[in-house]
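Notebook open. I'm jotting down what I looked up, one entry at a time.

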Number of protein chains: 2
Amino acid sequence: MVYASEFPPFGVTADLVVLTVRDEALCGVVIRRGHAPYKGRWALPGGFVEPDEDLPAAAVRELREETGLRPGAAHIEQLATYGRPGRDPRMRVVTVAYLALAPDLPTPSAGSDAADARWVPVAELTAARLAFDHTTILRDGLERARAKLEYTPLGTAFCPAEFTVAELRRVYEIVWDAPLDARNFHRKVTKTDGFLEPTGRTTTRDGGRPAQLYRRGTSEQLHPPLLRGPAG
Amino acid sequence: MVYASEFPPFGVTADLVVLTVRDEALCGVVIRRGHAPYKGRWALPGGFVEPDEDLPAAAVRELREETGLRPGAAHIEQLATYGRPGRDPRMRVVTVAYLALAPDLPTPSAGSDAADARWVPVAELTAARLAFDHTTILRDGLERARAKLEYTPLGTAFCPAEFTVAELRRVYEIVWDAPLDARNFHRKVTKTDGFLEPTGRTTTRDGGRPAQLYRRGTSEQLHPPLLRGPAG
DNA sequence: ACTTGTTCTCGTCATAATGACGATAACCAG
DNA sequence: CTGGTTATCGTCATTATGACGAGAACAAGT
């Protein structure tokens, strides 16, 4: 690999907005920074892309190294890229941000690098002053996640492999921070082709009458979408 | 600016998918490459980001330098970032791609760098073998543009400042490559709040009965969206 | 002046999707 | 067996959509 002198060298990092729904709140992963700059501040997990590493691979690697999460269950997609000069005081860095949506997994064992990784409710994170421009990245990730629930079945990425309609509805209510009518939601998700696939099994883990268990269907898009209010 | 040795240096470019509607076809800008690699092949306009330049600024600069287009009229947004190792045979390059939607402007005067910039129908471009992974980037840009027409008023970015409903409908038909019912389309766009703003003036440039002229409204999102068929 | 061709714009009707909400089913705990 | 809880189905009014009829308002030609 030759590095010509004709082009300015940039550092490139892959950072992640990792979201889950736990304890009735939408939470994101942050890690406590161990050294300057922004020492002691919360930051999104991430790090430099290696010389021969693909960008999605770097995101997955950082997710595993810094949070201990297995990428298998999570949905990961590219979010956006941030490169404002001065956003890293040390040098010119371009950050390719990824958005990961995961079911509620146990907090990673504080082994390896993941020592200070934590799930924190996003309400606290958006109010806090994160390192670098990570507050902006987090906000963009949140808006992307909220929008994606409208026209894709990705709400299921927050659920375990098998889940009930009510559990999926709680996901929507928590991510959108708005109450939904249980009966209309049930009608919508069960009648939209390809959204849910019944397993035949039932569960009573939510109390009350037993609920059907579903897994995610095959479609990538919802037709028609499940829209938030006109305020959206 | 210090370049620590601890991180691998990347080249960073800003490339553009520039789309317009002209002569009843969706067209994109390509330039003919003057030197290796891919000498003589069509490529998307773009180039290296400068050491103290913001990413959107680099995209706007490249657009102006390589195509002579004034960024004022166009809509520009970040598309995605491409960084697969080996995508540029010379060195490791990460490309931040931008999507630009512009009204039909005259072909740039073949002055400056824009000597070999051309508008080419996207049907030809997607079939051609563009330089690097630019075919992939172009496809992603096309899909983004098609999707954005559904739930934003960005179809107006392809129109001049004042336009008729029929002209906007032609944009939709050409971008989606599907016929639309003129009467239903008219009802939809004129009754969706914030989509169009009447100017009071009329025109007969399309022949037939004079048509109202509109400009773009203030809303950023369409509620409800203007969906393509369930085929998605 | 009148006809013809064109496009614009409004209206009608059936169907589909949505929001609001009643009612029943099926479990658990006491 | 009673009351509490949640799941699921159904009803009804409202809204959005797709298909299409019909008149309005121009230009061009006769």
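Entry 1, DNA strand D. I started with the classes: the surface near DNA strand D has six nonpolar, nine polar and seven charged residues. I count Ala, Val, Leu, Ile, Met, Phe, Trp, Tyr, Cys and Pro as nonpolar, Asp, Glu, Lys and Arg as charged, and the others, Gly among them, as polar. "Near" is my word for a C-beta atom, placed from the backbone, that lies within 6 Å of the strand.

A note on the model before I go on: it is predicted, so I take local features only at pLDDT of at least 70 and side-chain atom pairs only at pLDDT 80 or more, while totals for chains, interfaces and linings use all residues. Residues are numbered from 1 along each chain as its sequence is written, and chains are lettered from A and ligands numbered from 1 in the order in which they are written.

Of the 22 residues around it, A:Ala166, A:Gly208, A:Arg209, B:Arg183 and B:Arg209 come nearest. Helix 5 of chain A gives the most to this surface, with four residues. I take helices (H or I, at least four residues) and strands (E, at least two) as DSSP runs, numbered from the N terminus.

Helix 5 (182–191) of chain A gives two or more residues here, and so do helix 4 (165–176), helix 5 (182–191) and strand 9 (211–216) of chain B. Helix 5 of chain B gives the most, with four residues.

I see 34 residues of chain B in contact with 34 residues of chain A (contact: C-beta atoms, placed from the backbone, within 7 Å). On the chain B side, strand 5 gives the most, with three residues. That side divides into 20 nonpolar, seven polar and seven charged residues.

How are the copies related? A rotation of 180 degrees with 0.0 Å of shift along its axis superposes chain B on chain A, RMSD 0.0 Å, which is the relation of a two-fold axis.

How values were computed: Two residues are in contact if their C-beta atoms, placed from the backbone, lie within 7 Å. Copies are superposed by least squares on the C-alpha atoms of residues with pLDDT of at least 70 in both.
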